[in-house]
Amino acid sequence: MYFHTPSLKGACAELTQEESEVFFPPPEGGSGWKKAVAICDTCEIREKCLEWGLQRESKGDRYGIFGGLTAPQREKRYG
Ligand code: SF4
């Protein structure tokens, strides 16, 4: 069992550690992140998760997928 957002239990909570790696795509990209976003699309706490992630990261130091958004997407949207 994996908790991407330890205090929240969203759709990713039932993934194994290995399955959850798609939530942390390498900086050079790849397509694994699409699987993570597809899981987020089914998640009932997506908005809460995005808020959780934004509160714990800062501009230029974003990593991983939260609330269905990749780090570059959050950087572009929230600065
Ligand atoms: S929105 Fe995505 S990363 Fe956040 S808890 Fe849900 S499935 Fe996990």
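1. Contacts of Arg-62. Once residues up to four places away in sequence are set aside, Arg-62 touches Glu-57, Ala-71, Arg-74 and Glu-75 in this predicted model. Arg-62 has its place in the loop between helix 2 and helix 3. Because 19 other C-beta atoms lie within 10 Å, Arg-62 is classed as partly exposed; a buried residue would need 20 or more.

2. Tyr-63. This residue is also placed in the loop between helix 2 and helix 3. Tyr-63 has 14 other C-beta atoms within 10 Å and is therefore partly exposed. Neighbours within four places in sequence left aside, Tyr-63 is in contact with Phe-24 and Ala-71. Ala-71 is likewise touched by Arg-62. Glu-19 is 44 residues from Tyr-63 in sequence, and the C-alpha to C-alpha separation of the pair is 17 Å.

3. Lys-59. The loop between helix 2 and helix 3 (71-78) holds Lys-59 as well. Lys-59 counts as exposed because it has 9 C-beta neighbours inside 10 Å; the cut-off for that class is 12 or fewer. From Lys-59 to Glu-75 the C-alpha to C-alpha distance is 6.6 Å, across 16 residues of sequence. Glu-75 is also among the residues that Arg-62 touches.

4. Overall architecture. The protein chain has three helices and zero strands, and its elements run α-α-α from the N terminus on. The radius of gyration is 12 Å, close to the 12 Å given by the globule rule for 79 residues, so the chain is as compact as a globular protein of that length. Along its principal axes, the C-alpha trace spans about 30 × 25 × 20 Å. Of the 79 residues in the chain, 24% are buried. Among contacts between residues at least 6 apart in sequence, 40% join residues at least 24 apart.

5. Helix 1. Which residues of helix 1 are buried? They are Trp-33, Ala-36, Ile-39 and Cys-40. These residues cover an arc of only 115° around the axis, so they sit on the same side of helix 1. An α-helix has 3.6 residues a turn, so residues three or four places apart point the same way. The exposed residues Lys-34 and Ala-38 are on the other side of helix 1. The packing partner of the buried residues of helix 1 is helix 2.

6. Helix 2. Cys-49, Leu-50 and Gly-53 are the buried residues of helix 2. Viewed down the helix axis, they fall within an arc of 100°, and therefore line one face of helix 2. Glu-47 and Gln-55 are exposed and are carried on the face turned away from the buried side of helix 2.

7. Nonpolar core. The largest nonpolar core has twelve residues, among them Val-22, Phe-23, Ile-65, Phe-66 and Leu-69. Helix 1 and helix 2 each supply at least two residues of this core, and helix 1 gives the most, with four residues. Trp-33, Ala-36, Ile-39 and Cys-40 belong to the core and are the buried residues of helix 1. Cys-49 and Leu-50 are core members too, and both are buried residues of helix 2. In soluble globular proteins, nonpolar side chains tend to be buried together.

Note on methods
Residues numbered from 1 in each chain as written. Predicted model: local features only at pLDDT ≥ 70, side-chain atom pairs only at ≥ 80, totals over all residues. Arc of directions from axis to C-beta. Core = buried A, V, L, I, M, F, W, Y, C linked by C-beta atoms within 7 Å. Rg over C-alpha atoms; globule rule 2.2 N^0.38 Å. Contact = placed C-beta atoms within 7 Å.
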